[in-house]
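I opened a new notebook page today and went through one structure step by step. Here it is, so that you can follow along.

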Amino acid sequence: MRVRVATTALGITAALLALPACSPDTTGPKHQPSSRTGKPTEAAQEPAALSSAALESLLLDESDLGSGYLPKPERPAQHDDVTVIGCPALSELGGDAATGGTLAFPHKAEVDFTYGGSSSEISEELYSDSTKKLSDGVGRIFDAIAGCPAYQVVSGGTPVDVSSQKLPAPTVGGDERWSLLLTFIAGGRSTVVKQTAIRDGNLLLVVSGSPALVDRHLDKALAKATATS
C-alpha cells in the first residue's frame, strides 16, 4: 500500500494516520529538544495577523517552483481518535493537539505538489497569529516529537511506526527555526520526510516533504512569504 507523506505542521501526528499498519519499535536513546533558534519578542504593539486570503497569495506556485511540479488536491481532514505509544511528551498534548485541534491557528493557507510524476512531494503551509502563540504552539509539538526517537501512532486501529531525528536549524532567516527528519515504516516500506518551520514575526512558514525538495525551495518560500512583511 502507498505510504502517504506527512505534511501537516500543527497536526504533524495526524498526517501519519493515513499510513498502512506496521509493528512498533519504541527503543533507542533519548534525543535532545528539537533545533530551535531565537525566541519570541514581546512587542508593545504587534502587527495584526494576516488573513487566510492574504497568506494564500504568499504561497509558492508552479511558476515559482519550475517545471515538473503538479498541485495535489486538498488533503481530507482526519477525525479518528489518536493514541500515541512510546512518546509520553507527545501523548500528553492530547488527541486534539495531536490532530491539530487545540493548537490550530485560525489564519492559514497551504499547498501541496508532486514532482516529476514520482512519489516525491513538497508541501508549504503558512500561518499567522501572535508571536507567542506561534512560538509556543509549534515549539511544543516539534520538541515533543524530537524528544522521542521512536514511537507509534494509532488511529482507527491502524498503527504507524515513526522515528524522528533532530536536524540543525536552517540559517536562512526568521526569528525562530525548527527542523526534523521523520521516517515512517509501514508494510515493509519506509518514507523519509523533512519538516522545517520558520517563524518570522507573526508569520509561520512550514515546508515539508522529500528532503531534497525541501532544501531546494526553502529559501524561495521564505523570501516570498516575507516579501511584504
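Which element gives the largest share of the lining of the largest cavity? I looked this up and found E4, with 3 residues.

**Ground rules.** I noted that this is a predicted model, in which local features need pLDDT of at least 70 and side-chain atom pairs count only at pLDDT 80 or more, while totals for chains, interfaces and linings use all residues. Residues are numbered from 1 along each chain as its sequence is written, and side-chain values use heavy atoms, with hydrogens and water left out.

**Entry 1, the cavity.** I found 1 cavity of 30 Å³ or more. A cavity here is a set of points, on a 1 Å grid over the protein atoms alone, where a 1.4 Å probe fits but cannot get out; lining residues have an atom within 4 Å of a point. The largest cavity holds about 50 Å³ of space, a volume being the space filled by probe spheres set on the points. I listed its lining as Leu60, Leu65, Val111, Phe113, Ile122, Ser123, Glu124, Val207 and Ala221. By class, I wrote down 7 nonpolar, 1 polar and 1 charged; Ala, Val, Leu, Ile, Met, Phe, Trp, Tyr, Cys and Pro count as nonpolar, Asp, Glu, Lys and Arg as charged, and the others, Gly among them, as polar. Strands E3 (107–115) and E4 (121–128) each supply at least two of the lining residues. Strands (E, at least two residues) and helices (H or I, at least four) are DSSP runs, numbered from the N terminus.

Next I turned to the largest nonpolar core, which has 27 residues. Such a core is a set of buried Ala, Val, Leu, Ile, Met, Phe, Trp, Tyr and Cys residues joined through side-chain atoms within 4.5 Å. Buried means under 20% relative accessible area, exposed over 50%, and partly exposed in between (1.4 Å probe, protein chains only). Leu90, Val138, Ile145, Tyr151, Ala197 and Leu204 touch the most other members. Helix H5 (131–146) is among the elements that give two or more residues to this core, as are strands E5 (150–155) and E8 (189–200). H5 gives the largest share, 7 residues. I also noted a second, separate core of 21 residues, including Leu58, Leu60, Ile198 and Ala221.

How many disulfides does the structure hold? I counted 1, a disulfide being a pair of cysteine sulfur atoms within 2.5 Å. It joins cysteine 87 to cysteine 148, S to S 2.1 Å. The torsion about this S-S bond is about 80 degrees, so the disulfide is right-handed. Cysteine 87 sits in the loop between E2 and helix H3 (88–91) and cysteine 148 in the loop between H5 and E5, so the pair ties together parts 61 residues apart in sequence. Cysteine 87 is buried at 1% relative accessibility, and cysteine 148 is buried at 7%.

Serine 128 lies in strand E4 and is buried, with a relative accessible area of 0%. Its side chain reaches the backbone nitrogen of leucine 50 at 2.8 Å and the backbone oxygen of asparagine 202 at 2.9 Å. Glutamate 125 is also found in E4, and is buried at 0%. I saw its side chain in a polar contact with the side chain of tyrosine 127 at 2.8 Å. A polar contact is a pair of N or O atoms within 3.5 Å; within protein, one must be able to donate a hydrogen and the other to accept it, and residues adjacent in sequence count only if both atoms are side-chain atoms.

Key. On a 1 Å grid over the protein atoms alone, a cavity is a set of points where a 1.4 Å probe fits but cannot get out, and a pocket is an open set with protein on both sides within 12 Å along at least five of seven lines; lining residues have an atom within 4 Å of a point.
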